[in-house]
Amino acid sequence: MTAVTAGDAPAPTPAPVPDGRRRNRRAREISGQAGWTVLGWVVGIGFFIPVLWMVVTAFKPESAAETWPPKFTFSPTLSEFRLVFNGMDPYIEHSAIATVGSTIVVLVLALPASYALSIRPVGKWRDSLFFFISTKMLPVVAAIGPLYVIALKTHLLDNIWLLIILYAAMNLPLAIWMLRSFMLEVPSEMLEAARLDGAGRIREITEVIMPVVSPGLVSTGLICIIFAWNELFLALNLTVTNAATMPMFLISSVPQEGLYIAHLSAAATVASVPVIIVGWIAQRSLVRGLSMGAIK
Amino acid sequence: MSGVRYVGASRVYTKGASPAVDALDLDIKDGEFMVLVGPSGSGKTTALRMLAGLEPLDGGRIEIGGRDVSDVEPKDRDIAMVFQNYALYPSKTVAENMGFALKMQHVHKDERDRRVREAARILDLDDTLLERKPKALSGGQRQRVAMGRAIVREPSVFLMDEPLSNLDAKLRVQTRSQIAELQRRLGITTVYVTHDQVEAMTMGNRVAVLSGGHLQQCASPRELYDNPVNQFVAGFIGSPAMNLQTATLTDGGARLAGAVIPLAAPVRAAAARDKLTEIVLGIRPEHMHLTTGAGPTADSAAPAAPTGPELSAAVLSGEVLLVEELGADALLHVRLADDGGAIVARTEGRKSPAPGQRVAFRVQPDDVFAFNPATGARLAG
């Protein structure tokens, strides 16, 4: 139990050797934790800074917008927002209709589908599930040609219904997977108890399954809203004016002649607000729903 | 009136595999409390679910009140079930939970409320609890709500699937007697599944011991304890478990730990018929009496053993390995002399010997069971 002192002090100090080692370890722990915390903040802020810049730029007049390095001191103005609010009218309406419409269709279809894949599985349910997810494996770029031709022949080009149908098709596999994972959480004993109590299939769904699954239903709906709202590729290629959506309004701020950065920032901020609100409301159930889909 | 009969009932999960329940024949009288007991995988829960209609039958039939219900939907069998995890509906209040089945039967609201309140009264559930949701209740309260949900239906048969296993030990003991008393009062035929043989013994009018899908023995608790029909039942019923040791047959008995345990003539005859050289001896821990002498000499408590046509007691000696204090009793883990194996003996707590001490036990021949080592069947004595 001899003390290992560093060089100069020859006089043996009695107690603190084991304490000192413990103190060192503790200090290392704290600095380790502090290091990770700092790193976490740095990365988080790093991801957030572009968004912050976008929001700040939205309040700048166009002339002051495109500067490098970016100015954070300026006199804020709502002129760009005013332009955006004036110009976005049909776009935001179309986005809302396409988003809400497609989400309703998705939920109406996904509920019975996920029921048939979880609580009372049909034969070959594994194959069905795989088929659903395989539709997401096809790059939409490959499908756009045939989709355009179909839309043309059915006279659905530049029609909001086309977007509703396509967004529903786009979100349906994800919704089925998510709802299925929520339905699998319903304890089988509860379903058996309902069966013994005399609940038929409808009652089983409305009285037993829905109350348990409803948070999952909400978060699935919110995820579908987010994806439909942000979708650009299909809207860009299959619509022009009658069904143009917000993402298209955003890229209209990027014309050939030049970059209207402030206008773009303002439009992007306005376009992001609904999605941010939705995500904020649903954050906890979103994480739960997505991670459960991974586990099951 | 509402007896239950399993007639050759079978359930096979995968074709070719051994059945989960193999041609079960069981007759449950009206108003009887029948306990199905056995280790995991014995088929007891499957048998209960077959009665409930939650599992289809792959053979045989099931009758409730003389009516063949093998193809009848669960809701039409006039049964009610208490699940192991209670299976309460989390979004409904206690009152709604208990009244749900009645609502499905289109019973009028007033009648529903009356029956719910009556069941709550029987179960000592406070009226204030009726408007709460299950998540605001304790485990014991939830268990009572689950029972209330069954009682409210006034069925012909109660089915209970290990309803006490989620309660802590003390609550379990308390609730056990409450359930038994409740059943006596209501007089409804009850089929109760448990893996705990103490529950089985204390609650059942009769107990059916199952193992590997087969019924081993169905009898009153006393009969199971005193007259197990095979090695499995003997080792399963009774706590701590019966000591089972292989012993070689000799003249007049079997040799264990250097001593000869006398066996009655019919037992020896049965062993000879089966051409056995070894048998399995079963002695319950409570039948191993600590003795001071090496022979059948009386210690202070035991009377003089009668001689003559009666068999004399045998003495087994050994060394104490471990003492488990239970308070009133102590359990001695003893290694028997002459490589006789390890056994457990129950003695009075206050006078228990210490580990390492040499001890001797006196065993009355009447307390000794003999089993066929190959089949496990009891050699009739």
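1. A residue is counted as buried if 20 or more other C-beta atoms lie within 10 Å of its own. By this criterion, helix α1 of chain B is mostly covered, since nine of its nine residues are buried. The model is a predicted one.

2. The buried residues of α1(B) include Lys44(B), Arg49(B), Thr45(B) and Thr46(B), as well as Leu48(B), Met50(B) and Leu51(B). Just after this helix, Gly53(B) adopts a positive phi of about 95°.

3. Where does helix α1 of chain B lie? This helix, made of residues 44–52, lies across β1, β2 and β4 of chain B, and runs at about 115° to β1(B).

4. The sheet of chain B is open and has four strands in the order β2-β1-β4-β5, with antiparallel pairing. Strands β2 (21–28) and β5 (67–68) of chain B stand at the edges; each has a single partner strand, so one side of each is left without a neighbour in the sheet.

5. Within this sheet, β1 (residues 4–11) and β4 (residues 59–64) of chain B pair in the antiparallel sense over five bridges. Val7(B) has Arg61(B) in β4(B) as its bridge partner.

6. The contact between the chains draws 15 residues from chain B and 14 residues from chain A. On the side of chain B that touches chain A, helix α2 (residues 94–104) of chain B gives the most, with three residues. That side of chain B divides into 11 nonpolar residues, three polar and one charged.

How values were computed
Residues are numbered from 1 along each chain as its sequence is written. Chains are lettered from A and ligands numbered from 1 in the order in which they are written. This is a predicted model: local features need pLDDT of at least 70, side-chain atom pairs count only at pLDDT 80 or more; totals for chains, interfaces and linings use all residues. Two residues are in contact if their C-beta atoms, placed from the backbone, lie within 7 Å. Helices (H or I, at least four residues) and strands (E, at least two) are DSSP runs, numbered from the N terminus. Ala, Val, Leu, Ile, Met, Phe, Trp, Tyr, Cys and Pro count as nonpolar, Asp, Glu, Lys and Arg as charged, and the others, Gly among them, as polar. Two strands pair if DSSP finds at least two bridges between them. Axes are lines fitted to C-alpha atoms, for helices over the stretch in contact, and angles run from 0 to 180 degrees between N-to-C directions. A residue is buried if 20 or more other C-beta atoms lie within 10 Å of its own, exposed if 12 or fewer, and partly exposed in between; C-beta atoms are placed from the backbone.
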